[in-house]
Amino acid sequence: MPSREDILAFIARERQALGEAGAAIPEKIGKREIARAFGIRGDDKILLKKILKELEIEGEIQRSRKGLHEKGALPQIVLADILSRDRDGDLIATPAEWEEELGPAPRIVIFAPRKARPGAPAAGIGDRALVRVTPTGEAGGPAYSGRVVKLLSRAAKRVLGVFREDPRTGGGRIVPVDKKLRDKEFRVSEADRGEARDGDLVSVETLSRGRLGLPVAKVREKLGSMNSEKAISLIAINTHGIPDVFRPETIEASEHAKPTRIETEGFRREDWRSLPLVTIDPPDAKDHDDAVHAAPDDAPDNKYGFIVTVAIADVSWYVRPAGALDREALDRGNSVYFPDRVVPMLPERISNDLCSLRQGEDRPALACRMRIGKDGHKISHSFHRVMMRSAAKLSYQQAQDAIDGRPDDLTRPLLDEVLQPLWRAHGATKIAREKRSPLDLDLPERKILLKPDGTVDRVLTPPRLDAHKLIEEFMILANVAAAETLEAQKSHLIYRAHGEPSVEKLNALSEFLATIGIKLAKGQVIKPTQFNAILAKVRGTEHENVVNEIVLRTQAQAEYVAENYGHFGLHLRRYAHFTSPIRRYADLIVHRALVRALDLGPGGLPEMGREHLAEIAARISASERRAMAAERETTDRLIATFLADRIGASFEGRIAGVTPSGLFVKLSDTGADGFVPAATLGSDYFRYEEGHLALIGSRSGETFQLGDAVTVRLVEAAPFAGALRFEMLSEGKPRVGRASAIKAKASRARAPKGAAKASRRRVRA
């Protein structure tokens, strides 16, 4: 048997060799490859598996979609931020995403391209880029060298803030909207204020930072009044650099697009206009890109089974590769949804008109027809390029009301022949879903309703209906079918992948569960079924909320990849996004791949290697995270503005985060998050007990733990920053039992080095 050191050296050596070879998607390095290299056979493979598991638990190696690799190793293509220069003038970058528990992010020295294209923009400090990296093997210097594959965004050299006029000088001050800059202001002279008026949201350029007084800035752009509708989402759009104005050539291309007719397309598109497909969406939806239909399967080999059809708008017919619409769609990556507006991936002429499956109008679509057994198992499927005509535009509540015995004039004629078969087919798919047992977290989503002036009216939690679950399950089935078809056709594609939780996160979860009497053995291969069993144990108990929250934090983040490693949360071996090409570029890639692989006419995916798809996957994954951050920050700012005039009011909530410096509390009615500093909890000194995720009074033993129901008073609201500060009104729970504390301490002593630090940082996040 090789020693542990031999195994680690082999993994590092193979990774470096693959990097030097320039492979964008390296071959997997796992147990099989190690066994082959060292000639390990028979029962010795069991011992090898045990050694690898020990190395993983101890944090010496990591397991990812690329197999095994040394701790903290980067993939060959990485999304990186260029931050500085070294003494030689070379650019230094770090990964845009990095798990803090792995220690400091590795540095990447960026070398200039051997042959730069004429006129190509050069990378600079503050830019974000896709970088091909190779380990340097040098001690003390950057861990990797790299070359820029594609420059994604230029550095943002501006600060966003609110202009506050100073009548004495004619100039004013800039109050930054960034939380990190909330305590710093800038001074603007009368000559540099431009057209800014008091209360305007502006973009400024910093001019100087003298030793005395406020730093000086100049207004570069007036973005709008903070008192006007849509101002708050404008902050997020500009802060994150989200493109919200279409380029002229994109608008021109969309305006020249014309409705297609099946008789004039020049290829054989199937005519499905007589099939009563229906769209089921939120009541305020403006685009309708998916329609569904179900009917009993008459085939003798599928008694009591169903034929389920999912039709998706044929965006690939209108948005052709390398055209103006395609280039901008890739830059945007996805649509971004704010409470007061949508920043679409495609112009409205495409998304809300030509590719919206409107009731009673002919629309091109790509359809997946699936044969489903009575147990919900998918027997077979096929894809078709069709012309369809939606029989009805329904809302979730409208369809649910019809099934529940309250049909209206639109749903009454559809009830027996259209809606009832859909619900019966969904009943079958629920059987298969329960058997598959995907991760089943209970995380209600809140919706912000606005007044006509753009301010918050109220925050509510919409009910989770069977109609929602039906559409969700049918879309998942179609997404799986798309991935299976493309794999069978030996076609490259972009997968939607979700990895297993890291060992560090699982160990932290195990420690916490031990404090409430639930056992999760460390080092085992985890499956969604085990998480679901834990969630079932706490359902209806005082621990339900906190365990749901911690299980969510334990999960990895889903991403788009060109090499499949499965979807842990859905418990699926292969999964691709196919059902929303209007709002996600990944789905458009899958549509094009299907068109080409199945020879369904024009608009297919051009010749494209897996390396190119890996670059696209990294770009749209970054766009998705950008959108999520912008949406979250806008919600925080809207709710902080909503609560700003309620200083002194008390609210019910739950402790959603615990740090050594204080508690994060989520309010029950609005979902708003605010902070309670530990220093304000009382006269006692509260220490952070990581094993219990709690602050515990040193003398009194009074305990505030993650998930506890509490009452707080609002003492400060910072709307521009989206920040709230609370005062705790509730008393803490009695002291944590000594036996539990001893058990937690022993558990921490056995945890891998760095696990405590990881737990602390995770709570802050």
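This is a predicted model: local features need pLDDT of at least 70, side-chain atom pairs count only at pLDDT 80 or more; totals for chains, interfaces and linings use all residues.
Residues are numbered from 1 along each chain as its sequence is written, and side-chain values use heavy atoms, with hydrogens and water left out.

The protein has 18 helices and 33 strands, these being DSSP runs numbered from the N terminus (helices H or I, at least four residues; strands E, at least two). Of its 765 residues, 51% are buried, where buried means under 20% relative accessible area, exposed over 50% and partly exposed in between, with a 1.4 Å probe and protein chains only.

Charged side chains form 47 salt bridges, each being a side-chain nitrogen of Lys or Arg within 4 Å of a carboxyl oxygen of Asp or Glu. In one of them R132 pairs with E611, with the closest N and O atoms 2.2 Å apart; R132 belongs to strand β6 and E611 to helix α16, so distant parts of the chain, 479 residues apart, are linked. Both partners are partly exposed, R132 at a relative accessible area of 22% and E611 at 32%.

Another salt bridge joins E205 and R220 at 2.6 Å, N to O, and because E205 lies in strand β11 and R220 in strand β12, the pair ties together parts that are 15 residues apart in sequence. Here E205 is partly exposed at 30% relative accessibility, whereas R220, at 51%, is exposed.
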